[in-house]
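Grab the viewer, try each task, then read through the solution.

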Amino acid sequence: MIALRNSSSALRCVSLASVHSAGYHQPSPLCSRLSPVRTSLDFQIISNSSRKMATRFGQTLDDVLFPPIETSKTGMLEVSPIHTVYWEVSGNPSGTPVMVLHGGPGGGSQAEYRRYFDPKVYQIIQMDQRGCGKSTPHAELDDNNTQALVADIEKLRQFLGVDTWYVFGGSWGSTLSLTYAIFHPDRVKALMLRGIFMCRRSELLWFYQDGASHIFPDKFHPYREHIPEEERGDLIAAYYKRLTSSDGNVRRAAAKEWCLWEMGTSKLMPDTAYMDKADNLDFAAAFSRIECHYFINAIFLEDGYILKQAGKLMNIPVHIVQGRYDVVCPAVSAWELHQALPHSTLAIVPDAGHSMGEVGIAKELVDITNKYK
């Protein structure tokens with residue numbers, strides 16, 4: 001089942017009217033006839049731009065999400081001779097378990113992720129994947145690969161005494177959720193996914209080499225210019241060389257540009273607070289370095305692995321939420337996954353990009369988690 005959250009003709013007219021107000025476009029006759037509606041909605045569109053998509057039809061993230069909560073239990077789990085991962089539990093300690101897998105790789109868990117679940121119903125479990133967040137050692141690449149992360153998830157499930165759980169993830173979190181479910185289908189009650197990323201070579205080239213650059217040329221310019229012209233034929237390889245340099249200054253400079261490129265393209269409306277993450281050098285170092293490590297190694301799986309193994313997911317409910325204007329993980333990947341899994345549901349949000357912090361995407365995700373209460 002596919003649900004296209006289409007905008008109304010009134011909303012389409014508002015968009016034109018907003019452009020016209022800036023001196024770029026003449027409103028159509030249809031828009032003129034709908035001018036009473038346009039006036040009230042036009043204010044919302046302008047407000048969205050100035051408040052970085054904080055509102056959507058009068059709703060804010062706080063209207064859509066559950067209130068902030070604290071953790072009830074935290075710990076460190078040794079998963080290899082090198083790596084120890086941070087984990088946390090929040091919500092109802094005896095509630096329905098849900099494993100929340102963060103993005104990146106290297107993004108780290110966030111308190112905000114707890115708010116997508118009813119804390120009276122769900123036992124909300126998060127884990128900082130190897131090398132990021134509170135996991136140690138920080139930004140470590142050795143023994144850091146997809147198969148190891150899948151094994152870590154299983155170790156944490158067993159450690160916490162969970163039999164089966166829901167698995168929730170977006171972007172790289174969707175990659176890892178799908179891969180975990182392929183490896184351990186009997187442990188997954190349902191997949192709740194956003195911003196589908198299957199880490200195929202074509203997807204990596206679209207975002208990091210040539211594709212998204214045509215939509216965000218201004219953001220792409222400093223990312224590309226950081227690399228000497230003779231190395232620009234493979235920007236991922238060029239960044240990997242710098243992110244693994246023995247020179248700390250070289251690593252930090254490359255990490256910041258890599259991080260700025262991704263943060264600057266993740267929302268439909270630019271969000272300076274989101275882009276400021278690149279200034280947090282601890283975050284940028286882990287995020288950029290670990291991401292590039294996985295991508296230069298094709299996430300340690302054969303290309304197209306998830307679609308090739310999709311048959312193993314046929315008995316697992318799969319719910320997909322996708323921003324129509326997601327430039328980081330374009331909607332074609334969500335569509336292809338949906339086609340490979342005919343039993344899945346796909347909700348395409350018309351006024352959203354990549355971020356789960358966009359109100360339209362957040363609302364769809366909460367609707368899915370509420371479905372299983």
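**Exercise 1. Find the residues that ring pairs link into a cluster.**

Solution. Ring pairs join Phe197, Phe207, Tyr208, Phe220, Tyr223, Tyr239, Trp258, Trp261 and Phe295 into a cluster. To call two rings a pair, look for Phe, Tyr or Trp rings (for Trp, the six-membered one) with centres within 6.5 Å; planes under 30 degrees apart are stacked, over 60 edge-to-face, and the rest tilted. Before you go on, know that this is a predicted model, where local features need pLDDT of at least 70 and side-chain atom pairs count only at pLDDT 80 or more, while totals for chains, interfaces and linings use all residues. Residues are numbered from 1 along each chain as its sequence is written, and side-chain values use heavy atoms, with hydrogens and water left out.

**Exercise 2. How many aromatic pairs does the structure hold, and what is the geometry of tryptophan 172 with tyrosine 294?**

Solution. Start with the total: there are 22 aromatic pairs. Next, take tryptophan 172 and tyrosine 294: their ring centres are 5.3 Å apart and their planes sit at 65°, so this pair is edge-to-face. Now place them: tryptophan 172 is in helix H6 (residues 172-183) and tyrosine 294 in helix H12 (residues 281-296), so the pair ties together parts 122 residues apart in sequence. (Helices are DSSP runs of H or I with at least four residues, strands are E runs of at least two, and both are numbered from the N terminus.) Last, check burial: tryptophan 172 is buried at 0% relative accessible area, and tyrosine 294 is buried at 1%. Buried means under 20%, exposed over 50%, and partly exposed in between, using a 1.4 Å probe and protein chains only.

**Exercise 3. Which residues have the most contacts inside the largest nonpolar core?**

Solution. First, the rule: a nonpolar core is a set of buried Ala, Val, Leu, Ile, Met, Phe, Trp, Tyr and Cys residues joined through side-chain atoms within 4.5 Å. The largest one has 76 residues, and the most contacts inside it belong to Met99, Leu191, Tyr208, Phe295 and Leu337. Helix H12 gives the most to this core, eight residues. Then look apart from it for another core of 26 residues, including Phe117 and Leu365. As background, nonpolar side chains in soluble globular proteins tend to be buried together.

**Exercise 4. Where is glutamate 358 found, and what does it touch?**

Solution. Find the loop between strand S11 (345-349) and helix H15 (359-371); glutamate 358 is there. At 1% relative accessibility, glutamate 358 is buried. Leaving out residues up to four places away in sequence, glutamate 358 touches Ser266, Lys267, Leu268, Ala352 and Gly353, where contact means heavy atoms within 4.5 Å. Zoom in on glycine 353: the glutamate 358 side chain reaches its backbone nitrogen at 2.9 Å.

**Exercise 5. Are glutamate 203 and arginine 200 buried or exposed?**

Solution. These two side chains meet in a salt bridge at 2.8 Å, N to O. That term needs a side-chain nitrogen of Lys or Arg within 4 Å of a carboxyl oxygen of Asp or Glu. Glutamate 203 is buried at 7% relative accessibility, and arginine 200 is buried too, at 12%. Lysine 363 is partly exposed at 33%, as is aspartate 367 at 38%.

Key. A polar contact is a pair of N or O atoms within 3.5 Å; within protein, one must be able to donate a hydrogen and the other to accept it, and residues adjacent in sequence count only if both atoms are side-chain atoms.
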